[in-house]
Amino acid sequence: MSEDTGVDSLKLERINGFDGHVRGGLLVHPDNSNLVYSLGCNIIIENLSNNTQSILSEHSNSVTCLAIDLSGKYIASGQRTYMGFKADIILWDYETKKPIFKRDLHKVKVEALAFTADSNFLISLGGRDDGAVVIWHLGKQEALCGSPAQVESAGITKCLTSSKCNRNMFVTGGTNTLRVWQLDAPNRKIWPTDVKMGGGIKREVICIKMADEKSEKFPFMFCGTSTGDILGVNLNSYQMQFVVPGKEQFSLGVTALATVGFREPNTYDFLVGSGDGLVGRYEIKIKVDKVSHKVSATFKHHAKVQPWMDTKIKRRSAITSIAKRGAGHMFFVGTENCQMYRFNYTELTAKLIKTCHSCEVYDIIFPYGMSELVVSCQYEEIRVWNIVTGEELRRFVCHNMTCNAICITRDGKRIFSAWDDGKIRVIGFSQKNLEMHENYCIADTHNKGVTAIAITTDGRKLVTGGGEGQVRVWEIIEDPIQISRSRGELLANMKEHKGKVTSIQIHPMDHECVSASSDGSTIIWCLRNYTRKQIVLANTLFKCVTYGAKGVHILTSGTDHKIGYWEVTDGSVLRELEGSKAGAINTTDIASDGKVFITGGEEKLIKVWKYNEGTVTHVGIGHSDEITKAHICPNRRIIVSASKDGAILVWKFPAELSSD
């Protein structure tokens with residue numbers, strides 16, 4: 001049951017995407033069969049063989065860090081929250097997928113987590129507003145002890161890792177701070193030792209990898225820095241002993257590290273990820289002078305690749321995670337623009353296996369009569385997804401422009417897209433390679449960008465709304481021989497809205513349409529003589545409008561938290577419902593049978609309503625940012641919703657409300 005009494009919870013079936021902004025947020029479980037990663041306030045456990053997902057949804061805001069203990073029994077996750085509040089840490093049981101305990105001690109954000117080697121303790125690091133290291137006793141489910149992560153003269157501590165063989169050792173690093181800690185559990189204390197950098201060296205440490213289990217004689221840790229080099233620190237003397245590479249440093253910093261193997265004499269094999277999107281296989285060989293005992297190191301690269309260059313998505317992005325599977329013969333890489341790659345270690349070849357919107361999703365729709373595909377848009381991009389498997393099928397890119405809205409012809413051959421440069425780009429599919437490309441463009445449609453769009457069932461008329469408040473009707477004239485010569489001719493320009501047009505929907509019979517605006521008006525237009533039929537006024541900024549059951553009503557919603565039922569014939573109000581407890585309602589959609597509709601908005605909840613009764617039957621909790629669009633699929637089996645953080649969530653439509 002949800003927080004609303006008597007209201008059931010929507011079942012979250014699948015999450016499409018992955019949050020690449022979480023540093024070290026892509027992990028391979030020790031069973032080598034599952035990936036663990038986060039998106040928004042959810043943690044996803046995805047099976048590598050059959051692509052099925054288990055979703056852990058107890059966080060109230062975006063997950064910021066993840067950790068798995070060496071045995072694979074526990075998963076730990078931390079989140080961010082709002083200023084003045086404390087952020088949750090949750091310990092999960094991997095087998096049952098249930099939380100063992102939830103605790104909050106750090107202010108605003110949990111920066112990093114790590115388990116001790118014996119899995120008895122969890123170490124947590126707070127963010128810039130907290131700056132503390134806390135040890136949690138897993139058996140007693142309580143905080144054991146804590147300490148400030150850095151001295152007052154140092155900068156912010158950003159990363160944390162623990163030893164794999166010494167249960168009492170862990171390391172923290174950040175801006176001008178690098179400390180090795182010893183845990184004294186019986187006395188409930190932790191003791192820091194600052195690493196001796198020597199030579200006035202100052203660095204911002206981004207990532208740390210301890211290799212103390214590789215060599216008993218030379219236990220080292222390696223620290224990737226924002227300046228693009230790697231620091232080698234001897235864990236016996238707590239002294240930085242070498243910096244590699246010498247001159248050819250990594251562009252935009254070393255952002256991810258993984259040790260793959262140790263070979264005699266004193267040679268470490270590495271995987272390195274950089275801020276410019278490079279993944280490389282490297283070797284560090286440590287040498288000790290027999291006379292002076294001075295330690296030096298040689299740095300050699302065996303292979304390197306920029307995985308984004310090997311795909312059709314040629315966009316550079318920082319590497320934020322490197323996760324080994326087993327000994328590292330296969331490993332996975334996560335990038336800051338929310339893409340996931342699978343690598344073969346020997347050949348260092350990459351395959352793109354998962355993508356996600358990296359910023360706000362402005363629109364998402366189902367093609368007519370299809371429940372397996374959805375089309376979505378964001379800044380610069382339009383994407384086509386298989387919503388069942390989560391696979392991205394096609395992508396269209398228009399650089400430095402934002403796609404505000406999309407609509408699709410009933411035959412599915414054309415996507416009409418509305419862009420903030422005032423153009424309508426008509427996207428088609430190549431018959432040879434099925435790639436998306438621009439067929440033709442209708443230029444100068446609105447002088448403040450195209451903000452809403454809809455097309456008639458026959459595909460001959462297009463209705464657009466702009467940022468200046470005008471609603472325009474276009475006749476689509478396509479050249480059957482040379483599609484690039486097709487065009488749109490302006491039929492009417494209707495100027496009554498005083499603010500941005502936020503939503504347009506055409507009546508199922510194509511004889512009229514309705515437009516909503518941020519000026520507080522919703523207008524029904526005749527598409528035969530292009531005049532106003534009715535106008536609805538309210539003290540709100542209308543966000544969305546849709547035709548209700550059989551097209552005799554319209555449903556509106558906006559910033560006043562209310563859902564309005566209005567009569568099409570005379571514009572009179574029939575009913576007003578309190579649709580949201582907090583925040584605007586950004587989207588509504590009605591099922592194909594007209595008996596059920598859904599809403600979503602700043603409240604971050606998907607609500608399922610009975611149309612005639614006006615009551616909420618189900619609530620979906622899972623988004624960590626405000627919902628921008630939501631739709632019910634044509635066969636009423638699933639609901640898809642998209643949000644400002646780029647997440648696309650798939651919900652199971654309640655079986656008791658689905659009628660054939």
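With which residue does Glu-46 form a salt bridge? In this predicted model, where local features need pLDDT of at least 70, side-chain atom pairs count only at pLDDT 80 or more and totals for chains, interfaces and linings use all residues, the partner of Glu-46 is Lys-354, with 3.2 Å between the closest N and O atoms. Residues are numbered from 1 along each chain as its sequence is written, and side-chain values use heavy atoms, with hydrogens and water left out.

A salt bridge is taken as a side-chain nitrogen of Lys or Arg within 4 Å of a carboxyl oxygen of Asp or Glu. The whole structure contains 21 salt bridges by this criterion. The pair of Glu-46 and Lys-354 links distant parts of the chain, 308 residues apart: Glu-46 belongs to strand S5 (residues 42–47) and Lys-354 to strand S30 (residues 349–354). Strands (E, at least two residues) and helices (H or I, at least four residues) are DSSP runs, numbered from the N terminus. Burial was assigned from relative accessible area with a 1.4 Å probe and protein chains only (buried, under 20%; exposed, over 50%; partly exposed, in between). Glu-46 is buried, with a relative accessible area of 7%, and Lys-354 also counts as buried, at 8%.

Asp-194 forms a salt bridge with Arg-179, the closest N and O atoms lying 2.9 Å apart. Asp-194 is in strand S18 (residues 189–194) and Arg-179 in strand S17 (residues 177–184), 15 residues apart. In the pair of Glu-512 and Lys-533, the closest N and O atoms are 2.6 Å apart. Here the link runs between strand S42 (residues 512–517), which holds Glu-512, and strand S44 (residues 532–537), which holds Lys-533, over 21 residues.

Strand S32 (residues 373–386) and strand S33 (residues 391–408) run antiparallel and are joined by seven bridges; two strands are treated as paired if DSSP finds at least two bridges between them. Tyr-379 has Thr-402 in S33 as its bridge partner. The two strands form a hairpin with four residues between them, and Gly-390 in the turn has a positive phi of about 80 degrees. S33 is also joined by five bridges to strand S34 (residues 415–419), again in an antiparallel arrangement. In this second pairing, Ile-408 is partnered by Ile-415 of S34. Six residues separate the strands of the S33 and S34 hairpin, in which Gly-412 takes a positive phi near 75 degrees.

An open sheet is formed by four strands in the order S37-S38-S39-S40, with antiparallel pairing. Strand S37 (450–455) and strand S40 (487–494) each have a single partner strand, so one side of each edge strand is left without a neighbour in the sheet. Neighbouring strands are turned by 25 degrees against each other on average, direction ignored, where axes are lines fitted to C-alpha atoms, for helices over the stretch in contact, and angles run from 0 to 180 degrees between N-to-C directions. Within the sheet, five bridges connect S38 (residues 461–466) and S39 (residues 471–477), and Val-463 stands opposite Val-473 in S39.

The loop between S39 and S40 contains Ser-486, which is buried at a relative accessible area of 6%. Polar contacts were counted for pairs of N or O atoms within 3.5 Å; within protein, one atom must be able to donate a hydrogen and the other to accept it, and residues adjacent in sequence count only if both atoms are side-chain atoms. A polar atom of the Ser-486 side chain lies 2.8 Å from the backbone nitrogen of Asp-479, and the Ser-486 side chain reaches the backbone oxygen of Ile-483 at 2.9 Å. With neighbours within four places in sequence left aside, Ser-486 is in contact (heavy atoms within 4.5 Å) with Tyr-440, Ile-477, Glu-478 and Asp-479.

Residues 443–476 are 0% helix and 53% strand, and their end C-alpha atoms lie 13 Å apart. For residues 578–619, the end C-alpha atoms are 15 Å apart, with 0% helix and 57% strand.
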